[in-house]
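Here are a few friendly notes to read with the model open beside you. Take them one at a time and find each residue as you go.

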Amino acid sequence: MDVGHDWDDLIAIDIHVHAEHSCRQPLDPIQAEFEEAASVYFKTDAKRPSIPETIAYYRERKIGFVLFTVDMEAGTGIKRIANEEIAEAAAENRDIMRAFASIDPHKGKAGALEARKLIEDYGVAGFKFHPPLQNFDPGDRMAWPLYEVIDHYGLPAIFHTGHSGMGTGMPGGGGIRLKYGQPILVDDVAVDFPNIKIILAHPSWPWTDEALSMALHKPNVFIDLSGWSPKYFPPQIVRYANSQLGGKFLFGSDFPLIPPDKWIAAFDSAGFKPELREPILKGNAAKLLFGDA
């Protein structure tokens, strides 16, 4: 497993960490509106950290992490953070960090070319999609050129699923269509691109059972548990983890909106079997990122 000796010493791997503020461009005023609404929804006044601040935060805690932005230019008009900024930070901090890229699928073949360049020249380790924010059905053939590149390299791809804290409480939900967060819409991707390690992000409420069914049915489908405190998980999450799907769940926090320390503390009292602690907090993600999953 090509993780390097430093990753062996980490206590966990957080598969779901957001880069929201760039060091190279000013904050988009539209993004500021979404951030304010999200802070109200998540009941937090946490400051949005820079990428270097995020790295320092995780290094202090000895937690490895995957960092990404969301390219949602077509869906919201918000100017994205450059994937290169995140990838270059990851290259300088490989003992603690990996970069996932985000490319709006509306960019078609141009997006596919960008993906190939980011993989080959910048070493990105996977991709992040947020269909509600990107305003697309993940099963739309528009995204196929981009998926073909990811499948060719056998990389993971995180898909936001379920309710969206982003846009909650804004007029019209900020223009975000929740229907694109339905997990079963990703099933066509799992069928047609079996080399993509698909990670369904969050407990997928109100479609939790769809995500569980897909993880049970498809060898290449996993679930990250970010965006919720474990004390609020739908009960079937814990039940399936403790029985058939212990190897399919991944620790993710959704930092900076949920701190990893707080998530792990809640996880330890959420009813998961003790023997699942290491696989969910670290082992399953290590296999997915660095080994054969």
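1. Start with Lys218 and Asp187, which are both buried. Keep in mind that this is a predicted model. The side chains of Lys218 and Asp187 meet in a salt bridge, with N to O at 2.9 Å. Lys218 sits in the loop between α10 and β7, while Asp187 belongs to helix α9, so the pair ties together parts that are 31 residues apart in sequence.

2. Now look at helix α10, residues 208–217, whose buried residues are Thr208, Ala211, Leu212, Met214 and Ala215. Viewed down the axis of α10, these buried residues fall within an arc of 160°, so they line one face of the helix. What covers them includes α9 (187–192), β6 (197–201), β7 (221–224), α11 (235–241) and β8 (249–250).

3. Which residue forms a salt bridge with Arg61? The partner is Asp261, and the closest N and O atoms are 2.9 Å apart. Arg61 lies in helix α3 (residues 51–61) and Asp261 in helix α12 (residues 260–267), so this pair ties together parts that are 200 residues apart in sequence. Arg61 is partly exposed at 22% relative accessibility, and Asp261 is partly exposed at 39%.

4. Lys117 is partly exposed, at 45% relative accessibility.

5. Asp71, Glu73, Arg80, Lys107 and Glu114 are linked in a network of salt bridges.

Key:
Residues are numbered from 1 along each chain as its sequence is written. This is a predicted model: local features need pLDDT of at least 70, side-chain atom pairs count only at pLDDT 80 or more; totals for chains, interfaces and linings use all residues. Side-chain values use heavy atoms; hydrogens and water are left out. Buried means under 20% relative accessible area, exposed over 50%, partly exposed in between (1.4 Å probe, protein chains only). Helices (H or I, at least four residues) and strands (E, at least two) are DSSP runs, numbered from the N terminus. The arc is that of the directions from the helix axis to the C-beta atoms. Contact means heavy atoms within 4.5 Å. A salt bridge is a side-chain nitrogen of Lys or Arg within 4 Å of a carboxyl oxygen of Asp or Glu.
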